[in-house]
Amino acid sequence: MIRITNLNLKLDDAIDYPSELANLRRLVISKYKIKPNHLLLLKIFKKAIDARKKSNVHFVYTVEAEICDEEKFLAKKLPNIQKASNLEYREVKKGKIDIYNQPVVVGFGPSGIFAALLLSRRGYSPIILERGYDVAKRTKEWNDFINGEEFNENASVLFGEGGAGTFSDGKLTTLINDIRCRFVLKELVKAGAHPEIIHVNKPHIGTDVLKKVIKHIREEIVKNGGTIKFNSKVTDFVIENNKIKALIVNGSEKVPTEICLLGIGHSARDTYKKLLEKKVKIEQKAFSVGVRIEHSQEMINKSQYGDFHNHPALKAADYKLSYHSDSGRSAYTFCMCPGGYVVNSSSAPETVCTNGMSYSRRDGLLANSALLVNVTPEDYKSKDPLAGVYFQEEIEKKAYQATKNKFYAPVQLVKDFLEDKKTTNLGNIIPTYKPGFEFVELKKILPSFVTKTLKEAILNFDRKIKGFVNDNAVLTGPETRSSSPIRILRDNNHQSNIIGLYPMGEGAGYAGGIMSSAVDGIKTAEKIIEKYVF
């Protein structure tokens, strides 16, 4: 196979997949003077939108092709052509040290799911302990909560099958460059995700499809010999001679194991405290806090695509913005959800925090994104390893109290936030957050350095996206769970200072998002497979 980069198609030439592929085939044949019968196979490897010039919005492709006399063709050294590298995932060899109990995976988020999948396929029969519910019960409980029922922390957006990513946009973008990323994408497609996620530049699944995909992966793990226990919270760790011996579940059940893959999420604060109590080495880590901003999706589409904003080949537009203040602080947009919704992501009673989500079609009327400001350990004013957790909790409790203690979210119009005025009336954008909202000055719940930097950033972003500041745009807050505020220390083999305890994923401080967490879970499982046999 050869790989050809920098192929452009007009939007009209990519209305649907058959016409897109046919037009790419014609382009390759014409551009490189290949005989039609010599082009044996063509498939899309990467696809992105180039919207830098609003008068010429188009798609840019990398394709892989199989042609006759490939070596002869490559010898011509034509521009943008190279031999395609092998990107297939390669299994690691099994180790030789016997383990006598099944390895235990704690947490069934992205790292836990893919670690368990790999272990189950290699015959290790992992036990998976998830404090929350399966995706069906989790969805029902969460819907009950946003419609007025009591809060249940084990049925929150953050805990349960699939982790926090289940109630998100299902974004699969990542900054890491690892062959395992493609393996993750292929496994998601195999489990029911749309095949286009393998080649589009900014892949996403959507919370509605992601729920089905996760269930299918769970079913394969069980078929392979794995055991998954929901509503099973690890409440203690039995450690003898600095080695893991067992886990205590729900305060009573003892699960013997020599190997624990710790894939807890970034909101498992009670587990953080227990780990610290057990002398597991933890350090502070930087993260970010801020708010969610909502705009009309149509406005974002027009800003990003100009006259092409209604073109049938284009989906809801997104954006990614950053700002660096003279103060040394940075602000940026994060987890932008086209056609999405702002959701409650509280993990404990008497706290309020937010997140964003979209369905697979991204067909909601509003676009939302986090607007975040970096927070460093120096801001915690404490050497306590969990000081970042307490920093988050303080903001979330203020938000709960400011909205009269009923899980409503603080809301303020962007223009009022910039002018330090309490909002009294909304424009034509109604916040999507449920169960409801109250008008609150966000400066009363966020640190002053955060609000100051946000104001500067918002004005800067208005110069990049026309209408970013307008009479209707709404801020909903706070957003505090951008990433883990701690890191559980581990060595090059992914093992902590406790023998047999392997921290992994976002909650342990080694990933940021579905893809990087899944990859870290795979890497951690590989470390187990390379060393042990079961």
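A residue counts as exposed here when its relative accessible area is over 50%, and as buried when that area is under 20%. With those cut-offs in hand, welcome to a set of close-ups of this predicted model.

**View 1. Lysine 381, an exposed residue with a positive phi.** We start with lysine 381, which sits in the loop between β19 and α9. Its relative accessible area is 75%, so lysine 381 is exposed. Phi here is positive, about 55 degrees, although the residue is not a glycine. As background, most residues other than glycine have a negative phi.

**View 2. Phenylalanine 407, a buried residue with a positive phi.** Is phenylalanine 407 buried or exposed? A relative accessible area of 11% makes phenylalanine 407 buried, since the limit for that word is under 20%.

**View 3. The open sheet of 7 strands.** The strands follow the order β15-β16-β19-β14-β22-β20-β21, and their pairing is mixed. At the edges stand β15 (322-324) and β21 (437-439), each of which pairs on one side only. From one strand to the next, the twist averages 30 degrees. Look next at β14 (287-296) and β19 (366-375), which are antiparallel and share 10 bridges. Within this pair, valine 291 lies opposite leucine 371 of β19. Helix α8 (297-305) packs on the sheet, where it touches β14, β16 (330-337) and β19. The direction of α8 makes about 95 degrees with that of β14.

**View 4. Strand β22 and its two partners β14 and β20.** Strand β22 is mostly covered, with 6 of its 6 residues buried. It runs antiparallel to β14, to which 4 bridges join it; here isoleucine 293 has leucine 475 of β22 as its bridge partner. With β20 the pairing is antiparallel too, over 3 bridges, and valine 411 stands opposite threonine 476 in β22. Strand β22 also contains proline 478. The peptide bond between glycine 477 and proline 478 is cis, with omega about -10 degrees. A further cis peptide bond links lysine 434 to proline 435, with omega about 20 degrees. Proline 435 is placed in the loop between α10 (414-418) and β21. For context, most peptide bonds are trans.

View 5. Helix α9 (387-402) lies across β14, β19, β20 (409-413) and β22 (474-479), running at about 40 degrees to β14. Which residues is glutamine 392 in contact with, leaving aside its neighbours within four places in sequence? They are Arg269, Phe287, Thr480, Arg481, Ser483 and Pro485.

**View 6. Helix α7 and the elements around it.** The buried residues of α7 (269-277) are Arg269, Thr271, Tyr272, Lys274 and Leu275. They pack against β9 (234-240), β12, β13 (282-284), α9, β23 (486-488) and β24. Arg269 links this view to the last one, as it is among the contacts of glutamine 392. After α7 comes lysine 279, with a positive phi near 70 degrees.

**View 7. The open sheet of 5 parallel strands.** This sheet has the order β8-β7-β6-β12-β24. Why is one side of β8 and of β24 left without a neighbour in the sheet? Both β8 (227-229) and β24 (501-503) stand at the edges with a single partner strand each, so one side of each has no neighbour there. The twist averages 20 degrees from one strand to the next. Strand β12 (260-262) runs parallel to β24, and 3 bridges join the two. Across this pairing, leucine 261 faces tyrosine 502 in β24.

**View 8. The largest cavity and its lining.** How many cavities of 30 Å³ or more are there? The count comes to 1, and the largest cavity has a volume of about 110 Å³. Its lining consists of Pro110, Ile113, Phe114, Gly162, Leu172, Leu188, Ile205, Leu210, Ile214, Ile217 and Ile514. Helices α3 (110-121) and α6 (207-223) are the elements that give two or more residues to this lining. By type, the lining residues divide into 10 nonpolar, 1 polar and no charged.

Technical notes: Residues are numbered from 1 along each chain as its sequence is written. This is a predicted model: local features need pLDDT of at least 70, side-chain atom pairs count only at pLDDT 80 or more; totals for chains, interfaces and linings use all residues. Side-chain values use heavy atoms; hydrogens and water are left out. Two strands pair if DSSP finds at least two bridges between them. Axes are lines fitted to C-alpha atoms, for helices over the stretch in contact, and angles run from 0 to 180 degrees between N-to-C directions. On a 1 Å grid over the protein atoms alone, a cavity is a set of points where a 1.4 Å probe fits but cannot get out, and a pocket is an open set with protein on both sides within 12 Å along at least five of seven lines; lining residues have an atom within 4 Å of a point. Grid points are joined across faces, edges and corners, and a volume is the space filled by probe spheres set on the points. Ala, Val, Leu, Ile, Met, Phe, Trp, Tyr, Cys and Pro count as nonpolar, Asp, Glu, Lys and Arg as charged, and the others, Gly among them, as polar. Contact means heavy atoms within 4.5 Å. Buried means under 20% relative accessible area, exposed over 50%, partly exposed in between (1.4 Å probe, protein chains only).
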